[in-house]
Amino acid sequence: SSGINAEWPLRPGNNVITALKRQWHVECFVCYECKNRFGAGTYYEHEGKPYCELHYHQHRGSLCAACNKPISGRVITAMRNKFHPEHFVCAFCITPLSKGTFKEHESKPYCHTCYQKLFGVANRV
């Protein structure tokens, strides 16, 4: 819905929310994507539409590629994705990779040690 519904006009006694430069019936002020109401009155605006936290971050491209949850604060950008620092880990030994470089193999990150053990020249057939 895009605010006040013409078929359901405002009447005295209706509960109304004023947000995003317009008025909404309480029942109509929901996430543009999932249509859920906003818990604790918190909503996020993206391109003039109201979103819940998850869908706001999804539209902005700020969901963690590992856990699919919103990232606020520090972010690691690698392999064309974004990660929480604690979720960007070696695919083999699970050591965090946030403090150094990594090697990529088949779209997975590896620490240098594991990469050498698993894919080093000596291991090639």
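## A briefing on the predicted chain

From the N terminus on, the elements of the protein chain run β-β-β-β-α-β-β-β-β-α. That comes to two helices and eight strands, where helices (H or I, at least four residues) and strands (E, at least two) are DSSP runs numbered from the N terminus. This is a predicted model, in which local features need pLDDT of at least 70 and side-chain atom pairs count only at pLDDT 80 or more, while totals for chains, interfaces and linings use all residues. Residues are numbered from 1 along each chain as its sequence is written, and side-chain values use heavy atoms, with hydrogens and water left out.

**The chain as a whole**

- Of the 125 residues of the protein chain, 30% count as buried (buried is under 20% relative accessible area, exposed over 50%, and partly exposed in between, with a 1.4 Å probe and protein chains only).
- The accessible surface of the protein chain is about 8600 Å², and carbon and sulfur atoms account for 49% of that; such areas come from the Shrake-Rupley method with a 1.4 Å probe, and for residues only the protein chains shown count as cover.
- Take the contacts (heavy atoms within 4.5 Å) between residues at least 6 apart in sequence: 12% of them join residues at least 24 apart.

- Strand E1 (residues 16-19) and strand E2 (residues 22-25) run antiparallel and are joined by four bridges; two strands pair if DSSP finds at least two bridges between them.
- Valine 16 has histidine 25 of E2 as its bridge partner.
- Two residues lie between the strands of this hairpin, and leucine 20 takes a positive phi near 55 degrees there.

**Nonpolar cores**

- The largest nonpolar core has 14 residues, of which Phe83, Phe88 and Cys90 touch the most other members; a nonpolar core is a set of buried Ala, Val, Leu, Ile, Met, Phe, Trp, Tyr and Cys residues joined through side-chain atoms within 4.5 Å.
- Strand E5 (76-78) and H2 are the elements that give two or more residues to this core, and the largest share, three residues, comes from H2.
- Apart from this core lies another, of eight residues, with Trp24, Phe29, Phe38 and Cys52 among them.
- Leaving aside neighbours within four places in sequence, phenylalanine 83 is in contact with Cys64, Ala65, Ala66, Ile71, Val75, Ile76, Ala78 and Phe88.

**Helix H2**

- Cys114, Tyr115 and Phe119 are buried in helix H2 (residues 112-119).
- Seen down the axis of H2, these buried residues fall within an arc of 100 degrees, so they line one face of the helix; the arc is that of the directions from the helix axis to the C-beta atoms.
- Thr113 and Lys117, on the other side of H2, are exposed.
- The cover over the buried residues of H2 includes E7 and strand E8 (108-110).

**Two residues to look at**

- Histidine 57 is found in helix H1 (residues 53-60), and its relative accessible area of 8% makes it buried.
- Neighbours within four places in sequence aside, histidine 57 is in contact with Ser62, Leu63, Pro70 and Ile71.
- Proline 96 lies in the loop between strand E6 (81-83) and strand E7 (103-105), and counts as exposed because its relative accessibility is 52%.
- Not counting residues up to four places away in sequence, proline 96 touches Phe88 and Val89.
- Proline 85 is eleven residues from proline 96 in sequence and 7.7 Å from it in space, C-alpha to C-alpha.
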